[in-house]
Structure formats: C-alpha cells, structure tokens
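Have the view open as you read, and take the points in order.

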Amino acid sequence: MTAARIEVCGLTRLFSGGAGVQGIDFDVTAGEIHALVGLNGAGKTTLMRLLLGMLRPTAGTVHIDRQPLRTADWSNVGHLVETPLAYGELDGRANLMLAARLHGADAGRAARMVDDVLAELNLTRYAAVRARRMSLGNRQRLGLAAALQHHPRVVVLDEPTNALDPAGVILLREALVRRAAEGAGVLVSSHHLDEVARVAHRITVINAGRVIGTLDPRGVDIERSFFALVHADDTCHDRSVR
Amino acid sequence: MNLSMLATAVAVEGRKAAASRVLTSSAILLIVGVAALAAATTAAAGSGNEQLAAKLGPLAATGGWPAVLNVATQVTAAAGLLAYGVGLSWMFGREFTDGTVTGLFGLPVTRPALALAKLVVFLLWGAATAVALTLAVGLVGFAVTGQLPQPGDVAGLGRLLALAVMTAALAVPAAWAATLGRGLLPAIATIVGLMAVTQIVVVAGAGGGWFPPAAPALWALLPATVGGAELLFAAFFPLLFGGLTLHAWHRLQLDR
C-alpha cells in the first residue's frame with residue numbers, strides 16, 4: 001500500500017456568509033501528483049490553508065506523513081499559497097537562502113540547494129536581481145523554487161502556473177514530475193484543466209466548498225466532464241453556474 | 001522553540017533587516033534630526049532668540065552642554081518613539097501587506113520564534129541606533145560649545161543613551177498592533193496615539209512616572225522625579241506587549 005503523504009478527513013471550516021469548505025475527504029499518496037480543480041471561490045485556497053495550518057478547522061483532521069499538523073515534520077513540506085516568499089529588498093539568491101534556512105538547512109547545504117534550484121528553474125540570471133525588480137512571473141518562479149528546492153516529501157501549490165510564461169510552465173511541470181518520482185506527494189490547485197491534465201495522476205473536483213467528484217486526467221473531453229459535474233452539483237443544491 | 005531554531009530565525013530576520021531601507025532611513029533621520037535640532041536650537045538660544053529660549057525652558061536657555069542635552073533628550077523622547085515605531089511597524093506589518101506571511105506557515109521554524117527573532121533584531125537595531133545617536137549628540141555638543149563635556153554632561157549623555165534604548169523598547173506595542181491589524185497602518189496609528197498620550201502625561205508632570213511610556217523621558221530630563229520602581233514598572237510594558245505579540249503569532253490564522 002502506498003503511503004499517504006496528505007490525509008484529510010471530514011475537514012470543515014465555514015466563514016460567515018457561508019463560504020469555506022465542509023466535510024472534505026481526500027488524500028495525496030507518495031509519488032502522486034493530485035490536482036484540485038474548481039471554479040473561482042470553490043474553496044481550493046481555503047482547503048490548502050487548512051492543510052498548512054494557516055486556518056484551524058472547525059471539524060475534521062489533517063495528517064501530513066501520518067502525523068497531525070501539531071507534530072508534523074515541516075522541514076519536509078514545501079508550499080506556495082497565493083504570494084511567493086520573496087522579499088523585494090533581497091535578490092533571488094538571498095531570498096532562496098532564507099527559505100532554505102527556514103526549512104532547516106544549514107548554511108552549506110542551503111547554498112548547494114540554491115545553486116541547484118536556480119539551474120533547475122532557469123533562474124540563474126536572476127540570482128543577483130532584487131525581487132522587487134523581477135517580473136510577476138519571475139517572482140512566482142522564485143516562490144516555486146523556494147517551495148521545491150529542499151526536495152520536500154509533501155508539496156502544496158496553489159495555482160502554481162499563475163503569471164508563468166509557457167517556458168516556466170514546462171519547467172514547473174518537469175520539476176513536479178521529478179519530485180513525484182522521488183516519492184513526494186504533490187497537491188496542486190488550478191482552474192486550467194488542460195494544464196493539470198498533462199501532469200496530474202488524479203484530479204479531484206471541488207465546488208461550493210465540497211468534493212463533488214473526480215476526473216480522469218486521460219479523459220477525452222475533460223472540460224465537458226468538469227462542467228457536467230459542477231452543473232449537476234449546482235442543480236442538485238439549487239445554485240446556478242456563475 | 002529551542003535555541004537553534006531561534007538562532008536560525010534571528011539570522012533570517014537579521015538578513016532582512018540589514019537590507020531594509022526603512023530601518024536604515026528611520027535610523028538616519030532620527031540621528032541626524034536629533035543632533036541637528038539640538039545644535040540649531042542651542043545655537044539660536046545662545047544668540048539671544050528670546051522666544052525660542054522661552055519655549056525650550058530654563059535649562060535649555062542657559063546654553064552650553066546642558067542646553068544641547070536637554071533639547072536632544074526632549075526630541076529623542078518624542079521623535080524616537082515615532083522612528084522606532086515606524087521601524088517595528090514595518091518589520092511586522094510588511095509580512096501582511098506584502099503577503100509574505102503565508103510563507104511563514106508550514107515551517108520547522110515556528111511563528112513565535114520568528115516573532116521573537118523580529119523583536120531581538122529590532123532591539124539590536126534600536127540599541128545600535130541609540131549608540132550612534134548619542135555619539136552624534138556628543139559630537140554636536142562639542143562643536144556647538146567648543147568644550148569637552150563635564151562629568152555631569154557625560155551623565156546626561158548616558159541618560160540620553162538609556163532613554164533611546166528604552167524608547168525603542170516602548171515601541172513594542174506596534175508589533176502587537178501590526179499583527180492584530182494585519183498591516184502597517186494600525187501599528188503606525190498605535191504609535192502616534194501612544195506619542196500623543198505620552199506628551200500629554202509628560203506635560204501634565206506630577207505622577208507621570210507611573211505611566212510607562214512617559215517614565216524614561218521624565219527620568220532622562222529630571223532624574224530626581226522618577227524612581228527605580230517607576231522605571232521597573234515601565235520595563236514590564238514592552239515585556240507585556242512582547243508576550244502578547246508572541247501569543248498572537250502563535251494563534252495566528254489567515255482568516256481575514
């Protein structure tokens with residue numbers, strides 16, 4: 001049996017006004033890229049925040065490598081949720097060094113990790129450029145490098161292709177495939193169905209804060225299947241597709 | 001939180017602080033501002049400007065080293081709180097306004113360790129700024145008076161140094177306000193409010209030593225009016241707000 005890198009059971013967190021997630025069950029296994037897809041506001045980011053301790057659930061549990069969040073080994077987790085960990089006054093290398101130190105690497109190991117990831121994500125020419133001078137796409141690439149450079153066993157990325165150019169998307173895809181091949185469990189959220197279909201082993205659809213089904217990444221018309229699921233859910237719960 | 005984790009957090013926060021234009025410019029403005037005002041007002045009072053002499057009070061109006069130190073102490077008490085407050089507000093508030101706070105979750109270095117490291121780095125920066133400010137006032141005093149300080153003046157410089165360090169510590173509520181308010185502006189507003197209340201208490205005089213933010217300034221200006229008990233009480237003020245800040249970072253959620 002493949003080990004679960006992330007295991008979520010009955011996860012619920014609702015905000016005033018009804019937004020949030022409720023009763024979420026799913027897992028991400030070792031060696032797997034698991035994509036979460038849904039419309040804007042479906043609850044993807046809230047779910048990722050719950051997985052990483054940025055929000056506390058009102059019900060349900062999260063386990064990272066079979067450990068509850070309180071005792072999880074965070075040095076083996078890499079994530080990028082919403083904003084890259086990139087400080088404008090620091091250059092690319094300094095930002096990555098800080099991220100490596102924060103993930104528990106000593107100075108020597110951090111320097112090697114940074115050199116490797118700069119090459120892997122084609123950021124070497126931005127190593128001495130301050131983050132505030134970088135384009136949005138290169139800042140995103142820097143944030144992804146910070147999340148992936150320590151080769152974590154658990155990777156959580158929220159809309160990782162945001163602002164990336166086509167070359168950056170390919171570099172990211174290859175990096176994720178490599179991490180999964182090393183045994184990492186990778187969770188990515190996206191609303192770009194064609195993109196996740198190229199890389200994901202499993203696709204879970206989330207709508208109005210609940211898991212409503214799965215999609216076959218090798219399906220012939222994944223977009224039609226996605227909208228059929230969402231439409232059926234909205235109809236069932238008397239919501240119209242917006 | 002263990003020492004190794006705290007050392008890592010201090011190294012990270014120290015690197016960020018060293019590259020910060022906000023901290024550098026706040027320190028320079030404070031040092032140059034205090035030294036320039038002390039020199040200019042003492043020189044003006046000494047040249048017979050009666051209006052200015054009346055505003056500065058009897059001690060400053062006498063001229064010489066006492067005047068330089070009196071003006072520098074008054075200005076440091078007020079402007080110091082603003083400069084240190086801006087620096088600390090930025091250190092905490094920027095994580096929220098820049099959105100980088102999301103990257104400070106899910107790490108082996110805990111958030112309370114990061115918050116404590118910010119406070120440690122802030123106090124180190126505050127102490128270094130205080131030393132530079134005292135040296136600048138010493139140089140300005142020598143330039144304006146043409147005399148080396150007498151033992152009483154050296155004691156005054158010592159009180160100025162202590163006041164600047166204590167003023168940095170008194171800005172700690174800004175860290176708590178930045179955390180609760182999720183940004184820079186609530187912290188800046190807190191510092192401005194604290195400055196206003198402190199000025200009122202200092203002007204009111206009697207009993208002001210028991211108001212923690214006012215105690216160091218009153219002690220530095222009129223040492224006989226503020227006792228050790230009041231200063232000790234004032235020391236609990238940053239400790240209390242430092243503790244509240246660490247607790248807020250421990251309980252932090254990105255829910256708004």
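1. Start with two helices of chain B: α2(B) passes α5(B) in a right-handed crossing. As a reminder that applies throughout, this is a predicted model. To find the pair, look for residues 21-46 of chain B, which make up helix α2, and residues 64-97 of chain B, which make up helix α5.

2. How are these helices placed relative to each other? Their axes lie 8 Å apart, and the packing angle is about 160°. Angles over 145 degrees count as roughly antiparallel, and α2(B) and α5(B) are therefore roughly antiparallel to each other.

3. Which kinds of residues make the contact of α2(B) with α5(B)? There are 17 nonpolar and 7 polar residues, and no charged ones.

4. Stay with chain B and turn to its surface, where B:V131, B:L135, B:L161 and B:V165 form a nonpolar patch. Together these residues have about 320 Å² of accessible area. Two helices of chain B, α6 (111-145) and α7 (151-170), each supply at least two residues of the patch; B:V165, for instance, is in helix α7.

5. Now for charged pairs. Side chains of opposite charge can pair when their charged atoms come close. Over all chains, the count comes to 24 salt bridges.

6. One salt bridge to look up in chain A joins A:D65 and A:R153, with the closest N and O atoms 2.8 Å apart. A:D65 sits in the loop between β4 (59-64) and β5 (67-68) of chain A, and A:R153 in the loop between α4 (136-148) and β7 (154-158) of chain A, so the pair ties together parts that are 88 residues apart in sequence.

Methods. Residues are numbered from 1 along each chain as its sequence is written. Chains are lettered from A and ligands numbered from 1 in the order in which they are written. This is a predicted model: local features need pLDDT of at least 70, side-chain atom pairs count only at pLDDT 80 or more; totals for chains, interfaces and linings use all residues. Side-chain values use heavy atoms; hydrogens and water are left out. Axes are lines fitted to C-alpha atoms, for helices over the stretch in contact, and angles run from 0 to 180 degrees between N-to-C directions. Helices (H or I, at least four residues) and strands (E, at least two) are DSSP runs, numbered from the N terminus. Angles under 35 degrees count as roughly parallel, over 145 as roughly antiparallel, 65 to 115 as roughly perpendicular and the rest as oblique. A crossing is left-handed if the near helix is turned anticlockwise from the far one by less than a right angle, and right-handed if clockwise. Ala, Val, Leu, Ile, Met, Phe, Trp, Tyr, Cys and Pro count as nonpolar, Asp, Glu, Lys and Arg as charged, and the others, Gly among them, as polar. Patches are made of residues with over 30% relative accessible area and no salt bridge: like charges are joined within 9 Å, nonpolar side chains (Val, Leu, Ile, Met, Phe, Trp, Tyr) within 5 Å. Accessible areas come from the Shrake-Rupley method with a 1.4 Å probe; for residues, only the protein chains shown count as cover. A salt bridge is a side-chain nitrogen of Lys or Arg within 4 Å of a carboxyl oxygen of Asp or Glu.
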